[in-house]
Amino acid sequence: MAKRNHLILFTGVVALAGFSRLWRLDYDPPTWQQSAYLTDEGWWADSARGAFFFDDPFSDDFGTALLITPGYHKTLLATYRLLGVGLTQTRIPSAASGVVAIVLIALLLFRVAGPRAALLGAALMTVSPITWMYARVALLESLQVVWLIVAFGAFVLFWRRWWGGLVAGLAMMMAIAVKPNAIYMMCVAFPLIAFVIYWSKVNARRSELTKPFVRAVIATVAAFAIAMAWIYFDTIKPNNEAFARLAGSESGFGRHRWTYRLRAIPGLAFMAYERGHPAMQAVLRLSPAIFIGAWLGALRMIAYRPSAENGDQEPRERVIGIAASIWAIGAWLPIPLLVFEFQDHKYLPILPGLCLIAAMHLSRCMGLGSAGGYGPAQARRAGGFAHSMAIWFLVALPVFVAVKAPLSQLIMNISRSLPTGRVPGLGAESSGLMVTLAAASVLVLFARNGESGLAHARRLAAPRVAWAVAALMILEVARIGGAFATGVRTFPVVQEELGSIVTDGDVVFGHESTTVFLPLRVRTVRRTRIEDTTPAPNLDVWDRLHPRFIMEKRIHEFEPTAHGIYDDLIARGYELRREIELGQVRNGVSRYKFDLYERTADCVEE
């Protein structure tokens, strides 16, 4: 009966996940979702859209998706050929991937920790606002997460089988083909996960398990290398010149010297660039149930030893928990180095690892009762100084995440009148570094008493505290429900109206032109700004294409913008044809506003 109930509940959770991610898929994202979708939905769809409409994946003048994310390009092109081109069709791969990721997490948890953990993991992922909102826009992360889960599950669960490492390597390569930043997971997290598997499983039975473990590692690396070689010879090598030009303009390496990146890392520890927010603040703000649940699970792992007396699954759960922690850290690690702005969707690949830890902890708490189920024999003793620092770091982590941003901002405000270099006052990096150093100093003081930190960890890891996660899940459901209740549908309406203005084959310039004109059979092109890259690859694009229309953004996130990327081209002889307003309205101002200009008969050619 219990198995049947779990199956019924799980089916209900998956149905809720599918409904919440596919219903009203062409509606505008909520205002609390960042506007990366405004450019990225179109940019990543450009190659597939060009290939479908014009049989030319380089119709955007870059071939961005084809060359940088060939896995996503092929997935989206197959969707277009099956369902046609439109906003809903463009978002379907992300929405479907969001549901598949929930099912995969549940299957992984079912095998490791049983049906209750599987149900809890599926529920946590379903009601998480960050997984929900990025499954409803056409960005890359939802599809990438699916392949990361497959790679992780195949290796940690099936490395003894001949095919386990093979599937892991192929899946990891697919994750990189969807978005190349997964290479850091392959180079950093997976070797550490393999070490954990070796140390926990193989080292104790070396003569019996070393051979299948080595075979799994070789299979993973071989499959990864073969798949990477295929992508290189199939996609990059035939377009080598275009790839080199694109890498120089879109990677950002021409904008920020490596010395600046390296200098910024200490101040950016656990933070993003905008207003000094800790990096994990994105997860805490948009998925508090998973964040707090994973935090409590990590406290349990550090406060208690694994014991078969508390369930013969626990030692195995501990290994998977450590591996999942490495996954989360590996997904986070490149963000301070490579991300120069606060973008929520960059943190989506962290969520599955945290969800595994949270679900296993909550499941165990539900099975242990209010007493906690752990006796003195399972309680850890504080080790050396490093162990005590790790204990206090985990105990204090939510406090650090909560106060880092306001303290950094306070330092920036106080220092505004101080003569600090060319610009008065301290920046986000310097202010964040001061807060980080102050927090580290406090940790050093507290680390002198590791037993006190363990006592706090045990109290926080008690089953009764886990009920706070249920309250957070209710708040998450309310937030998603509120987004549906206040949703608007402006993009499809505007796109239908624009169909009466443009004709097939017209060229439209604009950074967001693809997203706005997505279902229309026009060629959408953007021009790289001079300050964006060295060298700028297509400053001559107007002379080559002579666009009929130019679209310039005037309002962004309810605020006027003065980008003027195309103002010099508009001055050559374009007149205002239409004002385009998109998104929600606040105080009479639309979230986004564009001016669409049409070329006049006396347009000057230079």
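Is Glu497 buried, exposed or partly exposed? Glu497 is partly exposed, with a relative accessible area of 35%; here buried means under 20% relative accessible area, exposed over 50%, and partly exposed in between (1.4 Å probe, protein chains only). The model is predicted: local features need pLDDT of at least 70 and side-chain atom pairs count only at pLDDT 80 or more, while totals for chains, interfaces and linings use all residues. Residues are numbered from 1 along each chain as its sequence is written, and side-chain values use heavy atoms, with hydrogens and water left out.

**Figure 1. Overview of the chain.** The chain has 26 helices and six strands; helices (H or I, at least four residues) and strands (E, at least two) are DSSP runs, numbered from the N terminus. Of its 606 residues, 55% count as buried. The accessible surface comes to about 25900 Å², and carbon and sulfur atoms account for 63% of this surface; accessible areas come from the Shrake-Rupley method with a 1.4 Å probe, and for residues only the protein chains shown count as cover. Among contacts (heavy atoms within 4.5 Å) between residues at least 6 apart in sequence, 77% join residues at least 24 apart.

**Figure 2. The salt bridge between Glu497 and Arg578.** Side chains of opposite charge can pair when their charged atoms come close. A salt bridge is defined as a side-chain nitrogen of Lys or Arg within 4 Å of a carboxyl oxygen of Asp or Glu, and the structure holds 15 of them. In the salt bridge of Glu497 with Arg578, the closest N and O atoms are 2.4 Å apart. This pair links distant parts of the chain, with Glu497 in helix α23 (residues 491-498) and Arg578 in strand β5 (residues 574-586), 81 residues apart. Arg578 is partly exposed, at a relative accessible area of 25%.

**Figure 3. The salt bridge between Lys74 and Asp234.** The closest N and O atoms of Lys74 and Asp234 are 3.7 Å apart. Lys74 belongs to helix α4 (residues 70-83) and Asp234 to helix α11 (residues 206-236), so the pair ties together parts that are 160 residues apart in sequence. Lys74 counts as partly exposed at 39% relative accessibility, and Asp234 counts as partly exposed at 36%.

**Figure 4. A salt-bridge network that includes Arg548 and Glu598.** Arg548 forms a salt bridge with Glu598, and their closest N and O atoms are 2.8 Å apart. Arg548 is partly exposed, with a relative accessible area of 22%, but Glu598 counts as buried at 15% relative accessibility. Salt bridges that share partners join Asp506, Arg548, Arg577 and Glu598 into one network.

**Figure 5. Strand β6 and its paired strands β3 and β5.** Two strands pair if DSSP finds at least two bridges between them. Strands β3 and β6 run antiparallel and are joined by seven bridges; Glu552 stands opposite Asp595 in β6. Strands β5 and β6 also run antiparallel, joined by 10 bridges, and Glu581 stands opposite Lys593 in β6. β5 and β6 form a hairpin with two residues between them, and Asn587 in the turn has a positive phi of about 55°. Nine of the 11 residues of β6 are buried, so this strand is largely enclosed by the rest of the structure.

Figure 6. Val435 is buried, with a relative accessible area of 8%. Leaving aside neighbours within four places in sequence, Val435 is in contact with Lys404, Leu407, Ser408 and Ile411. Val435 and Ile411 are 24 residues apart in sequence and 8.8 Å apart in space, C-alpha to C-alpha.

**Figure 7. A nonpolar surface patch that includes Ile414.** Val399, Val403, Leu407, Leu410 and Ile414 make a nonpolar patch of about 430 Å². Patches are made of residues with over 30% relative accessible area and no salt bridge; like charges are joined within 9 Å, and nonpolar side chains (Val, Leu, Ile, Met, Phe, Trp, Tyr) within 5 Å. Ile414 lies in helix α19 (residues 385-414) and is exposed, with a relative accessible area of 59%.
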